[in-house]
Amino acid sequence: MAAIAKQVLTKQSLLRFICTSQIQSAGSKWRLERGLGKCGNEYGPLVEIPDWSYPDGRPAPLGDREVKRRQKNAQLAKQAVQYIKELKAAKEDYLKKKNVKD
């Protein structure tokens with residue numbers, strides 16, 4: 001009985017040293033606090049510049065992830081332009097209403 005109790009105590013004491021929370025990559029909190037990506041390879045030259053090209057200078061064909069990334073960036077750019085147009089229109093409307101009241 002004492003041997004079984006020793007094994008249980010040993011297992012319980014070992015469980016104290018096992019981390020059961022989710023592992024975070026090194027520096028992710030620091031990067032997020034500064035407005036950067038969660039991991040260091042989400043954008044930048046290592047992601048955006050092709051890894052290789054043909055000897056005659058032709059670019060390498062785009063990978064699936066690169067195509068998706070470019071589509072996502074294009075969609076975000078379209079949204080940004082649309083929001084800027086809406087903001088300019090709202091400012092003009094506000095100034096018109098302000099001038100009419102004066």
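Reader: Which side chains meet in a salt bridge at 2.8 Å, N to O?
Author: Those of E66 and R70. A salt bridge here is a side-chain nitrogen of Lys or Arg within 4 Å of a carboxyl oxygen of Asp or Glu.

Reader: What kind of model is this?
Author: It is predicted, so local features need pLDDT of at least 70 and side-chain atom pairs pLDDT 80 or more, while totals for chains, interfaces and linings use all residues. Residues are numbered from 1 along each chain as its sequence is written, and side-chain values use heavy atoms, without hydrogens or water.

Reader: Back to E66 and R70. How far apart are they in helix α4?
Author: Four residues, about one helical turn. Helices are DSSP runs of H or I, at least four residues, numbered from the N terminus.

Reader: Is E66 buried or exposed?
Author: Buried, at 14% relative accessible area. The cut-offs are under 20% for buried, over 50% for exposed, and partly exposed in between, with a 1.4 Å probe and protein chains only. R69 is partly exposed at 30%, and so is R70 at 47%.

Reader: How many salt bridges are there in the structure?
Author: Four. One of them links R34 and E33 at 3.6 Å, N to O. R34 is partly exposed at 46%, while E33 is exposed at 55%.

Reader: New topic. How much space lies in the largest pocket?
Author: About 320 Å³. A pocket is an open set of points on a 1 Å grid over the protein atoms alone, where a 1.4 Å probe fits, with protein on both sides within 12 Å along at least five of seven lines.

Reader: Which residues lie nearest the centre of the largest pocket?
Author: V47, I49, P50, D51 and E66, out of 15 lining residues. Lining means having an atom within 4 Å of a point. Helices α3 (45-48) and α4 each supply at least two lining residues.

Reader: What about the second largest pocket? What volume does it have?
Author: About 180 Å³. Its lining is E42, Y43, E48, R69, K72, N73 and L76. Helix α4 gives the most, four residues.

Technical notes. Points joined across faces, edges and corners; volume = space filled by probe spheres on them.
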